[in-house]
Amino acid sequence: MAGAGKAVADSRANLPFVYRQYSAEQLKQVLYKMYLIRRFEEGAEESYMRGLIHGTMHLSIGQEASAMGICMPLGEDDQITSTHRGHGHCIAKGAEVKRMFAEFFGKTTGYCKGRGGSMHIADVAKGNLGANGIVGGGIPIAVGAALSSKMMKTGKVVVSFFGDGANNEGAFHEALNMAAVWKLPVIFVCENNGYGMSTSTARSTAVKNIADRAAAYSMPGVIVNGNIFSEVAEASYKAVERARSGEGPTLIESKTYRHRGHSKSDRNRYRTKEEIEDWMSNRDPITLFENELREFGFIDDKGIEAIRSGVAQEIADGIEFAKASPSPDVSETGNYVYTEQA
Amino acid sequence: MDAMVRELSYAQAIQEAMAIAMDMDERVFLMGEDIGVYGGAFQVTGDLVERYGTERVIDTPISELGGAGVAVGAAVTGMRPIFEFQFSDFATLAMEQIVNQAAKMRFMLGGEVSVPVVMRFPAGSGTGAAAQHSQSLEAWLGHVPGLKVIQPATPYDAKGMLLAAVADPDPVMIFEHKLLYKMKGPVPEGYYTVPIGKADIRREGRDLTIVATSIMVHKALDAAATLEAEGIDVEVIDLRTIRPMDKQSVIDSVKKTSRLMCVHEAVKTLGIGAEVSAMIAESEAFDYLDAPIVRLGGAETPIPYNPELEKATVPQVPDIISAARDLVKGVR
Ligand SMILES: Cc1ncc(C[n+]2csc(CCOP(=O)(O)OP(=O)(O)O)c2C)c(N)n1
Ligand SMILES: [Mg+2]
C-alpha cells in the first residue's frame, strides 16, 4: 500500500494526514480492506461454529484500523511479524482471503498448506513472516529481520505487531534494547486492546502506557488512537521514514479494543457488557473511517454499498475455494520438517 | 476406605486437590496466567479465586520465566507455590528457572535448601491448536536430575499425585494431557495421596507388557480389550512417574510376559520409551525377552494443524493393536 501521492489538492490542506497523503482510490481501497478483515473474521467465526474449522482462533474485530494504518506506508518488500490475533495484519499486508480460508480449513491451498491454521497464518511472499502462537515470540524475529535488512542493505523496514500482554515478556525487552543499540530499521507496534486474555494492563503492567517503555530503550514512544485510521497511519508513516533513513526503531502504542472474547472459549467475565457495548457502538474503527471518508467527500453511500457487496462476494468466493480445495494426504505428515526431505 | 467416592472429571479432581492443599496449609498458593476470574485456560482453577481470594490465586502477567522464577524463590523461602503454565509448550520460556535453578539449587547449596515447588503443564495434542500448543515435552524435564516428573492418567491419580507433589520437598512437574481434563472417574472425598515414583498395573496379562504414559494408558487399555477377543492377553502398566522411574514394576512384568511395548505421545526418538527399553535391556528381564522391544511414539514432526494429519502424528488405538499382534506373532 505504499506510494504516497504527493499531489495534494489545496482543498485538503486542513484535513487529517491520510486525506492529504493518499488518493481517493487508495483510501477507498483501505475501507475495502477494513471490511474484508471484518467479514473474513465473521466468516471464519461462522465456519468455526458450524464445525468446519477446528482448533481455536483469536479475532481482531474492532482492531482493523490499527492493522491497516500501520501497513499503509509499507511497501511490498517490507516485512511484518504478527501475533495469534493476526488475521488483520495478514490481510493488511496483502494476503488473499481465499488462501487464508483454505488454511483455516486445513487445505493444501492454504498459506501454510494446512499445517499452521489460524495461529500460524503467514504470507511470506507478501512480507508477512507469520503469526505466532507464542506471546512475544515474533518480536526478536522482527529485530533479526531488521538486522538482515541492515546487513544485506535491502532497505526493508520491519514491523513487529504484538499485544499489550506481550510487553511483559522478557523477549520484548531484550529485543527493543538490541534494536536500539544497533539502530535497526524496525517498528514495534503494541496493539493495546486493554487486556492480555483476562488480565487488564492495570493488573499486569507497571507503567501507564506501554509507550512509556520506549524511554528505557532510547527510542521514540508514540501513542495513537488505534481506532482512527488516519492517526495510526500518520504515526506509522513517520516511524517508517525514521527507520528507512537509518535513525533506528520506534515504539508505537496503538490503543484499541477487541470486540470479541480472547478466543473461542472466553466467557468475558473480566469486563463488563457496558464496556464492550460502548466500544462497539461509539468507537468502531470502520464506522469512524467511513464517516470521515463521507464527510470529506471521498465516498458516497453508493460507493460504500459497492465496497460492501464487493467484499461479500470475495468472502463467499473465498469460502467456496477453501471448501473445494484438497486436504493434505496423511502420507505427507513428515513434509516440511527439514528443507531436504529424508 | 470410608471417604465418599464420587465421579469427578480430571480437571475437577485437580481443582479439589488444590483446594484441599490450600485448606490444609496456609503456605500453599496458586500462580499462573488467567487462573483467577478466567478460571484458567482449561478451567482447572475454576472459581477457586472466589473462595481463596486474589492473594492466594494470583494472576501473573504473561511472564513465564519471571513467574516460574518467582515461584521457585517463594518455594525456597518457605511458601508452597503451585504454578500453572497455560500450555506446557510455554515451559520452553521458563527453562532457565526450571532447569538451572529449581532443579539444582538444593544440590548446589549442599543440601542447605529445598525447592518445594509444584508446576502444572497442560500438554499434548488433539485440540487443533497446532505446533506451538500441542507438544509433549515431559521427557525434556525427565532428563534433569533434581526434578520429579509425573503424568497422572486418571482423575483419582490426578488428585492423589498432586497432593503428594505438594507434600514433596522437591520440585515436582506435573504433565496433564489436555484431552484428559473432561474424563470422569471415581475420586474419593478428602485427603489422600498417590505416591510419586510408583507405576500402576492397570490390567494384568500374560502375553505382552505395554508400558504407557498419560492418555496412552487409556488407548492401551482400549487396545487390550480388542486384543483379548483375539486371545492376546495384554498387561498394561501406567508408568505415572517418569522421574524417578519405577523400574522394578516394569522388570517384573516383562519377566512374566517376555514381551515389551512402550507407548507414549511424545516424539519417539530419544523419548521415555527409549529409556524404558534401555532399562530393560540392562536388567535381568533382558534374558526373558522372546521378541525385540517395540516402541510407539509421536512422529518425527511438529504437530500439524490439519485434524487428519494431527491424528496421524500420534499413536492411536489401531496402531497399538496391530503392533501388538505383530509382536506376539513374532512379525518384525
Ligand atoms: C508465551 C505465551 N504465554 C501465554 C500464551 C497464552 N496466550 C495466548 S494470547 C494471550 C494473551 C495475549 O495478550 P496480548 O499480548 O495483549 O494480545 P491480545 O490477545 O490482546 O491481542 C495469552 C496469555 C501464549 N500463547 N504464549
Ligand atoms: Mg491485549
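Reader: Let's start with B:T77. Where in chain B does it lie, and is it buried or exposed?

Author: This is a predicted model, so you can look the residue up in it directly. B:T77 lies in the loop between α3 (64-76) and β4 (80-84) of chain B. Its relative accessible area is 66%, and since over 50% counts as exposed, B:T77 is exposed.

Reader: How far apart are the C-alpha atoms of B:T77 and B:S114?

Author: Along the chain, B:T77 and B:S114 are 37 residues apart, and their C-alpha atoms are separated by 8.9 Å.

Reader: Okay, on to B:S258. What should I look at there?

Author: Look at the backbone. B:S258 has a positive phi of about 65° although it is not a glycine. You'll find B:S258 in the loop between α9 and β13 (260-267) of chain B. With a relative accessible area of 12%, B:S258 is buried.

Reader: What about the phi of B:D34?

Author: B:D34 isn't a glycine, yet its phi is positive, about 60°. The residue lies in the loop between β2 (28-32) and α2 (48-52) of chain B. B:D34 is buried, because its relative accessible area is 3%.

Reader: And what is the peptide bond from B:R243 to B:P244 like, cis or trans?

Author: Check omega for this one. The bond from B:R243 to B:P244 has omega near -5° and is cis. B:P244 belongs to the loop between β12 (241-243) and α9 (247-257) of chain B.

Reader: Now helices. How are two packed helices described?

Author: You use two things: the angle between their axes and the distance between the axes. Take α8 (residues 215-229) and α12 (residues 317-329) of chain B, whose axes come within 9 Å and cross at roughly 50°. That makes α8(B) oblique to α12(B). Their crossing is right-handed.

Reader: Which residues of α8(B) and α12(B) meet?

Author: On the α8(B) side you have B:K219, B:A220, B:D222, B:A223, B:T226 and B:L227, and they meet B:V317, B:I320, B:I321, B:A324 and B:R325 of α12(B). Sorted by class, the residues of this contact are 7 nonpolar, 1 polar and 3 charged.

Reader: Can we try chain A? At what angle do α5 and α12 of chain A cross?

Author: Roughly 40°, with the axes of α5 (residues 97-104) and α12 (residues 301-324) of chain A coming within 8 Å. α5(A) and α12(A) are therefore oblique to each other. The crossing of α5(A) and α12(A) is right-handed. From α5(A), the contact takes in A:V97, A:K98, A:R99, A:F101 and A:A102, while α12(A) brings A:E314, A:I315, A:G318, A:I319, A:F321 and A:A322. The residues in this contact of α5(A) with α12(A) divide into 7 nonpolar, 1 polar and 3 charged.

Reader: What happens with α2 and α11 of chain A?

Author: The axes of α2 (residues 24-49) and α11 (residues 285-295) of chain A come within 10 Å and cross at roughly 160°. That makes α2(A) roughly antiparallel to α11(A), and their crossing is left-handed. The contact joins A:L27, A:V30, A:L31, A:M34, A:Y35 and A:R38 of α2(A) with A:P285, A:I286, A:F289, A:E290 and A:L293 of α11(A). By class, the contact of α2(A) with α11(A) has 9 nonpolar residues, no polar ones and 2 charged.

Reader: Last one: which residues are the protein donors of the magnesium ion (ligand 2)?

Author: For a metal site, list the donor atoms and then see how their residues are spaced. The protein donors of the magnesium ion (ligand 2) are A:D164 (OD), A:N193 (OD1) and A:Y195 (O), lying 2.1 Å from the ion. In sequence these donor residues follow the spacing D-x28-N-x1-Y.

Reader: Are A:N193 and A:Y195 buried or exposed?

Author: A:N193 is buried, with a relative accessible area of 5%. A:Y195 is buried too, at 11%.

Definitions and conventions. Residues are numbered from 1 along each chain as its sequence is written. Chains are lettered from A and ligands numbered from 1 in the order in which they are written. This is a predicted model: local features need pLDDT of at least 70, side-chain atom pairs count only at pLDDT 80 or more; totals for chains, interfaces and linings use all residues. Side-chain values use heavy atoms; hydrogens and water are left out. Donors are N, O and S atoms within 2.8 Å of the metal (3.2 Å for Na, K and Ca); water is not among the atoms, so sites may look incomplete. Buried means under 20% relative accessible area, exposed over 50%, partly exposed in between (1.4 Å probe, protein chains only). Axes are lines fitted to C-alpha atoms, for helices over the stretch in contact, and angles run from 0 to 180 degrees between N-to-C directions. Helices (H or I, at least four residues) and strands (E, at least two) are DSSP runs, numbered from the N terminus. Angles under 35 degrees count as roughly parallel, over 145 as roughly antiparallel, 65 to 115 as roughly perpendicular and the rest as oblique. A crossing is left-handed if the near helix is turned anticlockwise from the far one by less than a right angle, and right-handed if clockwise. Contact means heavy atoms within 4.5 Å. Ala, Val, Leu, Ile, Met, Phe, Trp, Tyr, Cys and Pro count as nonpolar, Asp, Glu, Lys and Arg as charged, and the others, Gly among them, as polar.
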